[in-house]
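Subject: Structure handover

Hello,

Here is the structure I promised to pass on.

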Amino acid sequence: MRRVFLFVILLVAVLAVPEYTANPGGEGDGTEEFVCGGACHGDPGLSAESSALLTITSDRSETYVGGPLSVTVSAQDMQLSERKLAGLFLLTGTHGVGDTPQADGWTILSDGAGGSGNYVEQRVTSLDGSTSVTWALRAPLVEGDYRLITAIHHGGDASARMAVDEVGVLITVGPVPENLPQISAEWAPPTKTLVGEEMVLSVPASNSTSVSLEWTSRGAEGSVVMTQQGDAWVGSLPIALSATEIQYRVVMTNEIFVESSAWITLSVEQQDILPNAWAFRFQSIAIMFVSLAFCITLNRRFGRPAKAGISGMESTFNQPSTIPMAPVQQVVQGIDMSDPRRPLTWSDEQWLHYGEDYLKGLEGGV
Amino acid sequence: MVEAGTFHAVAVELTVGSFLLATTATLLRAMMALYPRLGDKFSTSMATGLDGASLCGVIFGLLVVPFTIITGNLAADGGNSMTANKILLSGLCTGLWLGFLHGRLTLGIGLWNSKKLVILQSLIALSACQVVLMLSSIGGTLSRGETLTDLIGLPHLENSPDVGMTGSVLMFLCSSIALVTVLFMQPKSKRIADE
């Protein structure tokens with residue numbers, strides 16, 4: 001009977017686990033293979049179908065070895081959970097292993113969210129329920145045709161959901177044209193900075209006679225001429241006064257070519273610090289002292305021996321002699337200070353104290 | 001180089017484990033004390049063992065707490081309102097467990113003979129354990145963006161009260177006076193003899 005009871009409890013416990021609670025807060029941005037789309041919820045094939053419409057576009061269909069490429073993935077019409085969280089992938093296949101762009105030789109310079117991974121999670125807050133991510137890439141060092149595809153996974157209607165666009169875009173990577181302005185493959189563009197901080201870029205560009213920095217942010221745009229310092233070209237982006245995103249690219253020119261890098265997203269973040277950590281430390285110590293004092297008081301209150309407490313009170317009230325009292329002045333009832341029988345020579349005090357006896361004596365000692 | 005976050009994870013596991021052990025042992029010992037029929041089924045050594053386990057759990061947990069707070073501070077890297085809540089709750093947690101320990105040490109093992117004290121110690125342990133769970137929950141939210149308390153619908157403590165530096169110092173002074181008053185002016189309780 002006990003075994004049956006235990007079995008029923010275990011069965012209920014297993015069935016009570018909601019299927020959509022694997023990672024409701026998301027996995028976080030990073031470099032993830034296709035299998036991640038299901039790893040958080042089981043096999044990708046077990047995920048429910050997503051109604052998302054995926055679109056993938058690139059700023060060019062041909063580039064060269066180490067050349068720039070921007071790829072934008074957008075998704076819309078997906079059924080989302082309450083958290084409105086959707087994860088977008090940039091992939092080269094759906095094998096589950098080795099299907100990231102990096103595995104094919106691509107370098108992700110920027111994922112549009114301040115990182116450099118192929119997987120980006122976004123909260124879909126737009127009214128039309130759409131979201132998009134733009135990746136800035138550097139082409140592989142091997143010439144050839146490369147296909148980039150996309151996928152999305154998210155929660156919705158109490159299920160983990162997934163959609164894949166296996167057609168994607170085909171990119172041809174050719175040889176580097178002679179005398180083409182280029183940025184060194186070693187250069188890692190900055191993708192994150194803090195509000196109020198100046199972002200100085202030092203770009204190791206070759207075959208260039210002039211280099212400029214083009215930027216755009218929330219409709220505003222501008223261009224900064226970079227100056228050559230040694231092997232690098234140096235310039236600064238505008239200082240952001242609030243958290244925002246700045247897209248920028250490096251434009252290099254020489255007598256023959258005008259070449260630009262992909263659009264790179266610089267995420268400007270508010271420094272998230274406590275206004276005054278010491279204030280909270282003082283409060284914490286205060287709370288500790290108060291809670292400790294409270295516990296000690298309760299312990300002493302309940303820990304007081306009950307018998308001793310009652311007997312103490314009883315002993316006090318059962319023995320009136322122990323009660324400290326002021327000396328009681330006897331008050332004589334029925335003495336009239338203007339009684340005509342009062343001897344004339346008696347003072348008030350004498351009459352008050354001995355008057356009654358005197359009157360009794362007059363009446364025969366009754 | 002091992003990061004502060006890794007040390008913090010280790011310290012948190014030690015702290016939470018110790019306090020959970022203390023809470024479990026306290027509740028079991030309390031059940032033995034409150035239900036004599038249940039207590040009679042187990043030996044005296046079992047009762048003593050549970051009392052010792054709760055005592056050891058609290059002492060070890062309190063020894064690890066400073067290490068947990070320091071590594072947490074280093075790992076926070078600036079901090080935000082949720083880490084501010086962690087600072088406040090860690091004060092409450094330490095205060096409650098210190099109160100629990102003070103009660104047990106001053107009243108002695110005989111406190112398990114008093115129904116009122118058994119209930120009081122159990123309530124203190126349960127409250128302190130709840131605070132520990134809230135602290136862990138905030139930690140989970142900070143590091144993973146989710147917490148197991150999501151399953152039971154507990155709210156995320158994403159905002160923290162801010163009374164400013166002056167208010168904080170005043171709170172500190174008032175609480176210090178309250179504690180000194182309780183410690184040195186209040187009639188002290190006597191140790192309860194074990195029957």
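A residue is called buried here if 20 or more other C-beta atoms lie within 10 Å of its own, exposed if 12 or fewer, and partly exposed in between, with C-beta atoms placed from the backbone. By that count, 32% of the 366 residues of chain A are buried, and for chain B the share is 35% of 195 residues.

Some housekeeping before the details. This is a predicted model, in which local features need pLDDT of at least 70 and side-chain atom pairs count only at pLDDT 80 or more, while totals for chains, interfaces and linings use all residues. Residues are numbered from 1 along each chain as its sequence is written, and chains are lettered from A and ligands numbered from 1 in the order in which they are written.

**The two chains**

Helices (H or I, at least four residues) and strands (E, at least two) are DSSP runs, numbered from the N terminus. Chain A has five helices and 21 strands. Chain B has six helices and zero strands, so its pattern along the sequence reads α-α-α-α-α-α.

For contacts, the rule is that the C-beta atoms of two residues, placed from the backbone, lie within 7 Å. Taking contacts between residues at least 6 apart in sequence, 67% of those in chain A join residues at least 24 apart; in chain B the figure is 79%.

Between the chains, 39 residues of chain A are in contact with 47 residues of chain B.

**Sheets in chain A**

Two strands pair if DSSP finds at least two bridges between them. One open sheet has four strands in the order E2-E4-E8-E6 of chain A, with antiparallel pairing. Its edges are E2 (53-58) and E6 (107-110) of chain A; each has a single partner strand, so one side of each is left without a neighbour in the sheet. Neighbouring strands are turned by 30° against each other on average, direction ignored. Within this sheet, E2(A) is joined to E4(A) (residues 68-76) by six bridges, and Leu53(A) stands opposite Gln76(A).

A second open sheet has three strands in the order E13-E18-E17 of chain A, again with antiparallel pairing. Here E13 (199-203) and E17 (227-229) of chain A stand at the edges, each with a single partner strand. The twist averages 35° from one strand to the next. Three bridges pair E17(A) with E18(A) (residues 232-237), where Gln229(A) faces Ala232(A).

E15(A) (residues 210-217) has two antiparallel pairings to look at. With E19(A) (residues 244-253) there are seven bridges, and Glu214(A) has Arg249(A) as its bridge partner. With E16(A) (residues 220-225) there are six bridges, and Ser217(A) stands opposite Ala220(A). The hairpin of E15(A) and E16(A) has two residues between the strands, and Arg218(A) takes a positive phi near 50° there.

**Helices in chain B**

How do H4(B) and H5(B) cross, and at what angle? The axes of H4(B) (residues 81-107) and H5(B) (residues 115-144) come within 9 Å and cross at roughly 155°. Axes are lines fitted to C-alpha atoms, for helices over the stretch in contact, and angles run from 0 to 180 degrees between N-to-C directions. H4(B) is therefore roughly antiparallel to H5(B), given that angles under 35 degrees count as roughly parallel, over 145 as roughly antiparallel, 65 to 115 as roughly perpendicular and the rest as oblique. The residues of this contact divide into 18 nonpolar, seven polar and two charged.

**Single residues in chain A**

Phe89(A), in strand E5 (residues 85-91), is buried, because 28 other C-beta atoms lie within 10 Å. Phe89(A) and Ile152(A) are 63 residues apart in sequence and 6.0 Å apart in space, C-alpha to C-alpha.

Most residues other than glycine have a negative phi. Asp77(A), however, has a positive phi near 65°; this residue lies in the loop between E4 and E5 of chain A and counts as exposed, with 11 C-beta neighbours inside 10 Å. Asn179(A) also has a positive phi, of about 65°. Asn179(A) is in the loop between E10 (159-174) and E11 (182-183) of chain A and, with 12 C-beta neighbours inside 10 Å, counts as exposed.

Best wishes

How values were computed:
Nonpolar A, V, L, I, M, F, W, Y, C, P; charged D, E, K, R; others polar.
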